[in-house]
Amino acid sequence: MKSGASIEKALEDIGWGPYQTSLFINTTNAWSICQFWLMAMSILMSDYQGLDSFQKSMMPVSLNLGTIIGCYFFSYISDALGRKAAFQYSILVTASSALLLAFSPGYYSVLSCLVALGIGVGGDFAVPGTVLSEFIPPSKSKALTVMNVAWSIGGSICILLAIILEITWDLSISKWRALVAAGAVMSFVLWFMRLETLESPKYLQIRNEDPSEVLKEVARRNGKPYFEFNGPLMDDYEEGDITEMSRKSSSFSALFSVEMFLTTVLLTLQFVMVGFANTGFILFMPQLLPINSTLSSYGIILVQQICGMPAMLLAAYLADTKLGRRW
């Protein structure tokens, strides 16, 4: 039997309910806050005074360095300690680092906080998709594609806050500090929302633990307190199979095995190229626009972010047509 088939059947029987809706909101918010911080980085670079071009360029470098570390670190945590722990700790790192960044006294402390912030953001890049995919019925897999609209939502929220600050802010404190503080508050709210997250049943199964209680709790939260499974969920696995799956799930080298090498390289190149273009446009858009008005620049960026939403929803629709996920 393929990994997780019994669990997928149980999730299909339980169906999509309040727990999946709550988890979808949480995981979508996770990607939204990632884009929020990437957009906030652009505003920080524009608003931070007294730096030359090289010093400003080290700000996104610091954030992205932390993101690289966070992606790998929290991916490891999700396999070693569980999806729940990685999902909750990543946003806590983000919130705490953002709060420190808002009160950073100088340039080098800002760089240090940006690295720490990037580590948390990296965790929220890597973990939410896995968390959601391991709780939803297979027939609702389209939700993973719909989740991508979060990137436009997060960017739009950040720019809206920046516009409000640009119009109303008249205090001596820099506007970027107010924006970062607002992001820190939102991140702490998201951390609180994640406290009710359950451990992934597929993770428990791979760890040779019984996922039945978690699935029953999902059913209970979905209004099916008397839901019963048709037989044990783990009988289809031999102990050696579980051990082998656990070993592979925590092995980075497995991505570069003979059967996975080409897929890993091609997908990595795709993400690198998309990330290069997307990050570059976001970080340098205020400088690229031939407009002297900061407010006008923010308005154009807001329209750009909003226009991304229909494209992502269209992609979610087309993924289940004859074009499929590949095309």
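Where is the place of arginine 194? Here are some notes to read alongside the model, which is a predicted one.

1. **Arginine 194.** The place of arginine 194 is in the loop between helix 9 and helix 10 (201-206). Is arginine 194 buried or exposed? With a relative accessible area of 1%, arginine 194 is buried, because the cut-off for that word is under 20%. Leaving out residues up to four places away in sequence, arginine 194 touches Asn26, Ala30, Phe87, Gln88, Ser90, Ile91 and Asp124.

2. **The overall plan.** Now step back to the whole protein. There are 14 helices and zero strands, and reading along the sequence gives the pattern α-α-α-α-α-α-α-α-α-α-α-α-α-α. The protein has 327 residues, and buried residues make up 44% of them. Take the contacts between residues at least 6 apart in sequence: 79% of these join residues at least 24 apart.

3. **Helix 2 against helix 5.** Helix 2 (residues 18-47) packs with helix 5 (residues 107-126) at an angle of about 145 degrees, and their axes are 9 Å apart. The crossing of this pair is left-handed. Which residues make the contact? From helix 2 come Ala30, Trp31, Ile33, Cys34, Trp37 and Met41, while helix 5 supplies Leu114, Leu117, Val121, Asp124 and Phe125. Sorted by class, that contact has ten nonpolar residues, no polar ones and one charged residue.

4. **Helix 3 against helix 4.** The axes of helix 3 (residues 53-80) and helix 4 come within 7 Å and cross at roughly 145 degrees. What is the hand of the crossing of helix 3 and helix 4? The crossing is right-handed. On the helix 3 side, Phe74, Ile77, Ser78 and Asp79 take part, meeting Arg83, Ala86, Tyr89, Ser90 and Val93 in helix 4. By class, this contact has five nonpolar, two polar and two charged residues.

5. **Helix 8.** At 1.5 Å a residue, the 20 residues of helix 8 should span 28 Å, and the end C-alpha atoms are 29 Å apart, which agrees. The buried residues of helix 8 include Val149, Ala150, Trp151, Gly154, Cys158, Ile159 and Leu165. What covers the buried residues of helix 8? The cover includes helix 2, helix 5, helix 7 (142-146), helix 9 and helix 14 (294-318).

6. **Helix 9.** The same check can be made for helix 9 (residues 175-193): its 19 residues should span 27 Å at 1.5 Å a residue, and the end C-alpha atoms are 27 Å apart, which agrees. Among the buried residues of helix 9 are Trp176, Arg177, Leu179, Gly183, Ser187 and Leu190. Helix 2, helix 4 (83-102), helix 5 and helix 8 (149-168) are included in what covers them.

7. **Threonine 28.** Threonine 28 is found in helix 2 and counts as buried because its relative accessibility is 9%. Leaving aside neighbours within four places in sequence, threonine 28 is in contact with Met147 and Ala150. Ala150 is one of the buried residues of helix 8.

8. **The cysteines.** How many disulfides does the count come to? The answer is zero. Cysteine 34 is in no disulfide, and the nearest cysteine sulfur, belonging to cysteine 71, is 8.3 Å away. Cysteine 34 is buried, with a relative accessible area of 1%. Cysteine 113 counts as buried too, at 12% relative accessibility.

9. **Two partly exposed residues.** Asparagine 208 sits in the loop between helix 10 and helix 11 (212-221). The phi of asparagine 208 is near 65 degrees, a positive value in a residue other than glycine, and its relative accessible area of 43% makes it partly exposed. Serine 296 lies in helix 14 and is partly exposed as well, at 36%. The C-alpha atoms of serine 296 and isoleucine 163 are separated by 9.3 Å, although the two residues are 133 residues apart along the chain.

Key
Residues numbered from 1 in each chain as written. Predicted model: local features only at pLDDT ≥ 70, side-chain atom pairs only at ≥ 80, totals over all residues. Heavy atoms only, no water. Axes fitted to C-alpha atoms, helices over the stretch in contact; angles between N-to-C directions. Helix = DSSP H or I, 4+ residues; strand = E, 2+ residues; numbered from the N terminus. Left-handed = near helix turned anticlockwise from the far one by under 90°. Contact = heavy atoms within 4.5 Å. Nonpolar A, V, L, I, M, F, W, Y, C, P; charged D, E, K, R; others polar. Expected span 1.5 Å × (residues − 1). Buried < 20%, exposed > 50% of the residue type's maximum accessible area, 1.4 Å probe, protein only. Disulfide = S-S within 2.5 Å.
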